[in-house]
Amino acid sequence: MALHIPKAPGVPQMLKDGARMFSGLEEAVYRNINACKEFARSVRSAYGPNGMNKMIINHIEKQFVTSDAGTIIRELDVEHPAAKLMVLASQMQDSEVGDGTNFVIVISGALLEAAEELLRLGVTTSEIADGYERALDKCLEILPELVCFEIKDCKNFDDVVKGIKPSIMSKQYGNEDFIGNLVAKACIGILPEKTTFNVDNIRICKILGAGLLQSDVLSGMVFKREVEGDISNITKAKVAVYSCPVDITQTETKGTVLIKSADELLNFSKGEESLLEKQIKDIADAGVKVVVAGAKFGDMALHFLNKFGVMAVRLNSKFDLRRLARTVNATVLPRLTTPTAEELGYCDKVHVDELGDTRVVVFSMDSSESRMSTVVIRGSTDNYMDDIERAIDDGVNTFKGIARDGRFVAGAGATEIELAQKLLQYADTLPGLEQYAVRKFAVALEAVPRALADNSGANATDVVNNIYKAHRENQKTVGFDIDSESSGVCDVKEKGVLDLYLLKYWGLKYAVGAATTILKVDQIIMAKRAGGPKPKAPAGSDDES
């Protein structure tokens, strides 16, 4: 008879063997806060223009060298459940605004650090969470008053560059003028009159060689491919787009052909050839000069395409095929049929170009309003170009934000300190224990200028004191001056360091949401991990389970 060992009473009795449970302040809350503090500390050093790079090697051994928090957290497979909540908040910020991912983590980490001190003083988690939510409401109420610049017209090039530059500065300090101009040119060129701006319409093509200053913007699309046939340059072309192979069509059903003589064999192959020739002749007669296919071109088909002077381009990605169809305004056809006038697209120029030693096919549009823009990035290494791509991505997302709401607030820690000052005054009016949480919220907001100062090698305490001093004299747009040797401050509005109003609005919301959710956790129950499939029993075994 098997010996039955009784389980300890309580939760372990209910769960399977191997389940773990942590509860109470010491085990659950402080544990979570410590994990989040460590996570925030590691990402915090990458904040701002002087932020340090992180070298990350992900699970498939791809290497990243970047200071972009969005990439860092995406490639790190964070397992800790509480830190994962911060990652989710940061990803929400990325999908909502497209920038400010680090801002969310820095603020939520600082809020949790402040909460730990309050918990040790005996304030309960629910009072801290309520205080934080009150402080957030007050912040969102004050925020519209701090707007210092607004872009009314999204097609005004100079204003757009001024708005986009700060977001690029934080990734590529020193190159922001050049990249800002590239992004503004690409975005304004495809801004539709009626509908909203779509980030996906700005494509990026990275080509090794030369330097960043040789990068350029083209209206249209660029593909790192060769053309299939002999024709490599066509202007004012009608374009047909197929998602099927351009080749002798395979029959739907299998059939057997019985051939008795050599003549029949010749006629049979001639019939196939003449059928394909007729199909391609009909396509050429419809005025088509460029055929784009999502699958292979047969040798026979290429021969006839060259004969009729039609250019052949093959794209392997179905997404690229769809984007090209959108660019040239064509319909993707599933079978090799003659396209109607409505299904054809139009492109001003299709040609093969050589950049460095890379051959590319360029579909360029000369018209002022095109549907797609491509930024061709040049650079000496893949890692460097990836970083430029991330900076451009942030710039494009900032333009999307401008198209939705063109308001800007002061950057470089000016807005955070102004909010902190107002919150400290607001805390004095609260009667309950929430006032302590509101005060700590104000202190947590100082984490942004502190991080900027720390990463620039300045004395963080002096910087924060200098900004407070200026704000008490009612200079609301004074923030940290990155270029100063000592702990200097400057009027960031004049320097052009601006942050999107939407970025601060959503960033604060998500940061507080993550922090309060983590604080309200008082138990962590982890079920036993699922193992892999059981090994098969050897043959002849009577163990059927």
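Reader: How much space lies in the second largest pocket?
Author: The second largest pocket holds about 520 Å³ of space. A pocket is an open set of points on a 1 Å grid over the protein atoms alone, where a 1.4 Å probe fits and protein lies on both sides within 12 Å along at least five of seven lines; its volume is the space filled by probe spheres set on the points. The model is predicted: local features need pLDDT of at least 70, side-chain atom pairs count only at pLDDT 80 or more, and totals for chains, interfaces and linings use all residues.

Reader: And which residues are closest to its centre?
Author: Arg203, Ile204, Cys205, Lys206 and Glu389 are closest to the centre of the second largest pocket, out of 27 lining residues (those with an atom within 4 Å of a point). Residues are numbered from 1 along each chain as its sequence is written, and side-chain values use heavy atoms, with hydrogens and water left out.

Reader: Which elements supply at least two residues of that lining?
Author: In the second largest pocket, these are helix H3 (69–75), strands S5 (202–208) and S6 (216–223), and helices H11 (318–328) and H12 (382–404). Helices (H or I, at least four residues) and strands (E, at least two) are DSSP runs, numbered from the N terminus.

Reader: S6 is on that list. Which strands does S6 pair with?
Author: S6 is joined to strand S13 (residues 373–379) by 4 bridges, and the two run antiparallel. Within that pair, serine 219 stands opposite serine 373 in S13. S6 also pairs with strand S12 (residues 358–364), again in the antiparallel sense, over 4 bridges. There, glycine 220 faces serine 364 in S12. Two strands pair if DSSP finds at least two bridges between them.

Reader: Now the largest pocket: what is its volume?
Author: The largest pocket has a volume of about 650 Å³. Its lining comprises 40 residues, and Pro49, Pro166, Ser170, Val497 and Asp499 lie nearest its centre. Elements that give two or more residues to this lining include helix H7 (157–169), strand S17 (498–500) and helix H18 (501–519). H7 gives the most, with 4 residues.
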